[in-house]
Amino acid sequence: MRAATAGEDVRMSLFWRLFLFNAAVLVAGAAVLLLGPATVSTPFFIAEALILAAGLIAMLVVNAILLRVGLAPLQRLARVMTTIDPLRPGARPAVTGHGEIADLIKAFNTMLDRLEDERATSSAVALSAQEAERHRIAQELHDEVGQTLTAVLLELKRVADQAPDRVATALHHVQETTRDSLDEIRRIARRLRPGVLEELGLVSALKALTTEVPPHTGLVARCHLDSDLPDLGDAAELVLYRVAQEGLTNTVRHAGATRLELSLLCRPSGVELLIRDNGCGLGGAPEGAGIRGMRERALLIGAQLALGPGSGGGTEVRLRVPTATKAAEHA
């Protein structure tokens, strides 16, 4: 054991505490044998064996209780370790116990702080690279594939104007198919790179998002958006848009819903994005890559994301973004 410096609390190590616990039990047992009425003869009698057995059992029980009390903080720490979710930061075990146990819990909490900071930094880099790649692909779709299909449409029109009626009819069908493909490519490019977000702002981008629901799904999307939003910054606005986009996509693909409500409301501490549907809900399905991506983005700006059943059934996605975000710290 190291000597305690001036002003430092004298803390007993786990080894010495356990040793003294056991020593106290053994000393108590020896004192009972020396000072008590119990004696042991050779050969021993049944009564003497019963007394010794009872004493041994009592010592084992007391020793077990003392060990249980001494090691309880370690058991609590082990339970916390198995339930920590890096996508739900902030959970920390309380520092209890003495000596090495308290030091171990403090070291674990410090490690979690460091890992969360490093994860936020690496997530910011990864998401930034992802957005840059989305931007590049969208640009290529628009400039290369889009222009090529536009040229094909013009050429089909020129050929159809000069072709016989039966051939012209077939060419018009090809034109419609090509035009539909061009519209789909433009829609994909808009989803990859929300130009309306950069040009017109978050409110207009969310309105445009709800109007892009395919008609064949039977889903009616309504939105309620406060216009007097605080200045959130580009990173926070992009996170809000991407979470809304992912929530809408999940509803269209998996929920089987007929109604969706999207709200963006001002709160005293920031803004709140709320997405509700009347679909089948999450059930017991594990979280997929889309939901985990939403959590990663929320962590990037210090926001809180909650997913669960809605008050009237279906699924509810709630993202609370504080006005002062951490986006600048990790950008």
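Hi everyone. Reading along the sequence, our chain goes α-α-α-α-α-α-β-α-β-β-α-β-β-α. That gives nine helices and five strands, where both are DSSP runs numbered from the N terminus: helices are H or I with at least four residues, strands are E with at least two.

Some ground rules. This is a predicted model, with local features needing pLDDT of at least 70 and side-chain atom pairs counting only at pLDDT 80 or more, while totals for chains, interfaces and linings use all residues. Residues are numbered from 1 along each chain as its sequence is written, and side-chain values use heavy atoms, leaving out hydrogens and water.

Now the sheet. The five strands form an open, mixed sheet ordered β1-β2-β3-β5-β4; two strands pair if DSSP finds at least two bridges between them. β1 (220-225) and β4 (304-309) are at the edges with a single partner strand each, so one side of each has no neighbour in the sheet. On average, neighbouring strands are turned by 10° against each other, direction ignored.

Let's look at β1. It runs parallel to β2 (residues 259-267), joined by six bridges, and Arg222 stands opposite Glu261 in β2. Helix α6 (residues 202-211) lies across β1 and β2, at about 170° to β1. Angles run from 0 to 180 degrees between N-to-C directions, with axes fitted to C-alpha atoms, for helices over the stretch in contact; contact means heavy atoms within 4.5 Å. Helix α8 (residues 289-300) also packs on the sheet, touching β4 and β5 (315-322), and its direction makes about 150° with that of β4.

Finally, residues 24 or more positions apart account for 65% of the chain's contacts with a separation of 6 or more. Thanks, everyone!
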